[in-house]
Amino acid sequence: MSQQLSADALLKKLAMLEKELAESREAEASLQKILSNYKSLFENSDDYILISDHEAKPVMWNSAYARIIKMSLGVDVKPGIQTRSLLADKTMVAWLNKQRDRVLGGETFREELSYNFGNGDIRYFELSYCPIIEQDEIKGFSEMTRDITARKLAENALKESEGKYRLLFERMPNGIAYFEAICDDAGNLCDARYIDMNTVYQLYTGLIRDRAIGRTVLEILPGTQKSWFDTLNITIQKGKPLRFEMYHQGTQKHYSVSAYSPQKNHLVLMFRDVSRQKETEIALRESEQRFRALFDQAEDAICVCDFDGCIRDVNPAACLRLGYEKSEMLALRAIDIADDEETARHLEELKQGSNIVFETRHRRKNGSLFPVEVSLSLIHSGGAQLILYMARDISKRRQTEQEKLEMQEKRNRSKKMEAMGLMAGGVAHDLNNLLSSVISYPELLLMNPLFPDNFRRSVERIKEGGLRAAAIVSDLLTIARGVASRKEIANINEIISAYLNSFEHLEMLETRPDIFIEKSLEPHLYNIRCSPVHIRKVLMNLVMNAFESVKSAGEIAISTRVRAYR
């Protein structure tokens, strides 16, 4: 019985051993499979894997590592030979030795490096070091190198792109701010938190980036109006870009704002300070108002026309001076009111850019003409280049100029008369010296009782001629001195009789014996106050003209009368 139990126990134990052996074989097979998988992963990995002992000598490596060593150093990897000692770059050797000391010191870490394979082929690598510990003792380390060139290039490109973006962001002429939207329970924008801002935005608002980032608008600018958030709410709710103008009470400036949402609950605002533009617009409006006031109140006629001469606008003075209604003026051209063809030519010349001033005549609605001085200049209105046509009525100026010209002519004649007077004075003095002999010697001869009678008549004629010449000289002296002729009491009848008995009249009668002088003098004629010399000259000129007018025999009548005029 006991033998039978022993046999059963032995069989059970054999069965257990067989089961354990099967499990052990199964575990070994599984382990072999795992080892095979690991070995396949080790061999087929794209990473460069090296297992080294505690002296940093290669123990095991994969084919990728062998290829990179062959490509970079031109040698095969061999057990027990450190390949890093073959590197020409001693700096690189020192760096690798430093990493070896770190891992053999029990540190697990990662590092990155770049290596120049020549011909501009620079690659980037990530090295992972891990110590191999057995029974609390470091037996070696694993070194896994991964080629991260593509990733590095992508990162560098990203950094470059971000750098360009940041440079553009900072150098934008507009202020830019990036916000995180803060909404109320209803989902409406009620505040915004600063994420970023550029330099121009800081200049606009006086904010400092480091102090503003992470804080909200209402914290920093509590005077911000609720309407500002209400306006931007449509961008947050619907993602619709906006553009509007606003006045910010906190900064007291006008802004042109562009808003868009790059992602949900985020907001980008671009601010352009248009305060100066607003001031310019206000100044422009005020300037236009002043121009319109001057335009309407000017006394000169002013028209605004295009280069075809069509009148676009006209002031009241132009309508008044030309006699047209404004609606009638706007239907005319500049050449319609000008009386010459020069206006059209000057309009063409104005295209050269210089102002033109000229004189012409304008024609009123009733056809009458009047002189004007026209000034043409270029102006800009509503984006178009127009002509400012200003015309000044110079009728009074022309009249004044004519009066000045006449006055100048009178002054010139006066100067000529003055010169003639001076010359006459000189001649008169010389003639007086000569006539003293002509008058004195005949008087001495006539006083001699022994002087022959047959010569007495001739000497008397000489004396009389000398006296008349002396009177003429006296008249010249009167002109030279610029004073009125000397007047005296005389009788016209006596002056007429003396002239008719004078030698020059008697000689004139001898030349025209066919003319008879009829004399009819008033016996009781009143005396007058006059210049006898000038009266005699007037009488002589009248008689001489009468003699010349009578072509054949005739009669010349000389008469005096007393008449009363009321």
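Two strands count as paired when DSSP finds at least two bridges between them. In this predicted model, strand E11 (residues 301-305) and strand E15 (residues 384-393) meet that condition, being joined by 5 bridges and running antiparallel. One of the residues involved is Val304, whose bridge partner in E15 is Leu388.

E11 and E15 belong to an open sheet of 5 strands, ordered E12-E11-E15-E14-E13 and paired in antiparallel fashion. At the edges lie strand E12 (311-314) and strand E13 (356-363), each of which pairs on one side only. On average, neighbouring strands of the sheet are turned by 30° against each other, direction ignored.

Helices also meet this sheet. Helix H9 (residues 275-297) lies across E11, E12 and E15 and runs at about 80° to E12. Helix H13 (residues 342-349) packs on the sheet as well, where it touches E13, strand E14 (369-381) and E15. The direction of H13 makes about 150° with that of E13.

Elsewhere in the chain numbering, two helices can be considered together. Two packed helices are described by the angle between their axes and the distance between the axes. For helix H17 (residues 503-511) and helix H18 (residues 532-549), the axes come within 12 Å and cross at roughly 5°. Angles under 35 degrees count as roughly parallel, and H17 and H18 are therefore roughly parallel to each other. H17 contributes Glu504, His505, Met508 and Leu509 to the contact, while H18 contributes Arg536, Val543, Met544 and Phe547.

Conventions: Residues numbered from 1 in each chain as written. Predicted model: local features only at pLDDT ≥ 70, side-chain atom pairs only at ≥ 80, totals over all residues. Heavy atoms only, no water. Axes fitted to C-alpha atoms, helices over the stretch in contact; angles between N-to-C directions. Helix = DSSP H or I, 4+ residues; strand = E, 2+ residues; numbered from the N terminus. Parallel < 35°, antiparallel > 145°, perpendicular 65-115°, else oblique. Contact = heavy atoms within 4.5 Å.
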